[in-house]
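Hello,

Here is the structure I promised to pass on to you. Have a look at it first, and then read on for what turned up.

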Amino acid sequence: MSADAEYMARALALAERGLYGTDPNPRVGAVLVRDGRIVGEGYHAQAGTPHAEVHALRAAGEAARSATCYVTLEPCSHFGRTPPCADALVAAGVARVVVAMQDPNPQVAGQGIARLRAAGIAVEVGLLAEQAAALNPGFISRMQRGRPWVRLKLAASLDGRTALGNGVSQWITGPAARADVQRLRARSAAVLTGIGTVLADDPRLDPRLDGETVLRQPLRVVLDRELRTPPAARLFMAAGPVLILHGPGAPAARQAALRAAGAQLQAVAPAARGLALDAVWQALQAREINEVLAECGPTLAGALIEGGWVDELVLYLAPKLLGHDGLPLAHLGPYAALDQVSLWQCLRHELLGEDLKLLLRPRS
């Protein structure tokens with residue numbers, strides 16, 4: 001590995017420290033190097049706080065002059081909650097900037113790079129770009145596709161069942177897999193479920209991590225066309241906001257009771273069954289939601305899959321057999337031919353205790 005790649009790998013490792021706190025901003029890391037030595041480094045930890053480049057510049061002080069800055073995302077060129085990082089790098093007198101990937105945000109999109117070059121700074125773009133993009137799938141999706149990145153989490157037995165025929169599902173997977181789900185929740189801007197899961201399981205859906213800090217709680221979103229969510233649901237007992245998306249004409253008394261319990265309510269367009277999922281993504285896009293983790297029952301899971309909305313499927317398989325009357329992973333089909341079914345590519349697999357975790361994405 002070249003020296004440039006090593007320093008960029010360090011910047012990527014720093015960026016990952018912001019996994020649980022930067023939304024709606026991207027996760028970014030920066031390293032300043034002068035005369036073959038790291039003189040400053042930093043990462044963006046939380047929206048509204050200094051960006052990675054600023055932390056690195058503060059750590060380097062005067063040593064930043066004539067240094068090379070390795071940064072995982074193009075330095076911003078616009079005033080948001082903080083001043084432009086491109087201007088800070090120019091003012092600090094850095095000689096060279098190595099950027100992993102251009103910012104997909106139309107407010108930046110090459111303007112930060114152009115500003116650096118106009119100031120006489122050498123700029124190189126594209127080093128470890130794929131790894132940088134993997135840190136921010138939701139931010140990129142929101143900027144380029146106008147909707148969040150949707151990650152569907154499912155846990156099942158070897159015969160593809162999520163619960164016994166009587167509905168009992170605690171616990172299919174072991175402690176290591178369940179702890180991994182908590183980390184998925186913590187990195188997500190929103191955790192999505194359907195009213196069926198709320199009524200059947202009464203989940204909290206908040207991240208509970210041991211020894212790791214969650215700087216912001218994800219928005220917990222319930223799709224509830226008829227507004228049947230109980231005001232005493234455990235969702236309202238946990239920290240963090242709850243948004244219930246419902247159909248038009250929901251009874252005023254139910255709306256008042258849920259608002260009193262702490263819910264935010266928003267009407268979206270209905271579908272033949274449930275709510276129109278494109279309208280759901282529009283509502284979440286308006287709230288600057290980057291990554292959505294769907295934890296739901298077979299009806300909503302099937303709708304997400306068959307609608308082509310799932311960008312990533314995280315499947316936990318437990319070494320158990322629940323039987324033919326168990327509840328299925330997702331309501332799909334019926335299909336008349338194999339070429340009608342959805343195809344998935346396994347990107348990664350690992351053992352978590354006795355359970356197998358599969359990370360899959362749809363085949364193009």
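**Salt bridges and overall build**

The protein has 22 salt bridges, a salt bridge being a side-chain nitrogen of Lys or Arg within 4 Å of a carboxyl oxygen of Asp or Glu. Before the details, please keep in mind that this is a predicted model, where local features need pLDDT of at least 70, side-chain atom pairs count only at pLDDT 80 or more, and totals for chains, interfaces and linings use all residues. Residues are numbered from 1 along each chain as its sequence is written, and side-chain values use heavy atoms, with hydrogens and water left out.

Let me start with R145 and D311, whose side chains form a salt bridge at 3.0 Å, N to O. R145 sits in the loop between helix 6 (137-144) and strand 6 (149-157), while D311 lies in the loop between helix 11 (298-306) and strand 13 (312-318), 166 residues apart. Helices (H or I, at least four residues) and strands (E, at least two) are DSSP runs, numbered from the N terminus. R145 is partly exposed at 41% relative accessible area, whereas D311 is buried at 9%. Here buried means under 20% relative accessible area, exposed over 50% and partly exposed in between, with a 1.4 Å probe and protein chains only.

Next comes R151 with E291, where the closest N and O atoms are 2.9 Å apart.

D180 is in helix 7 (residues 175-187) and K357 in strand 16 (residues 355-362), 177 residues apart. Both D180 and K357 are buried.

As for the whole protein, it has 11 helices and 16 strands, and 50% of its 364 residues count as buried. Its C-alpha atoms fill a box of roughly 70 × 45 × 40 Å along the principal axes. Of the contacts (heavy atoms within 4.5 Å) between residues at least 6 apart in sequence, 70% join residues at least 24 apart.
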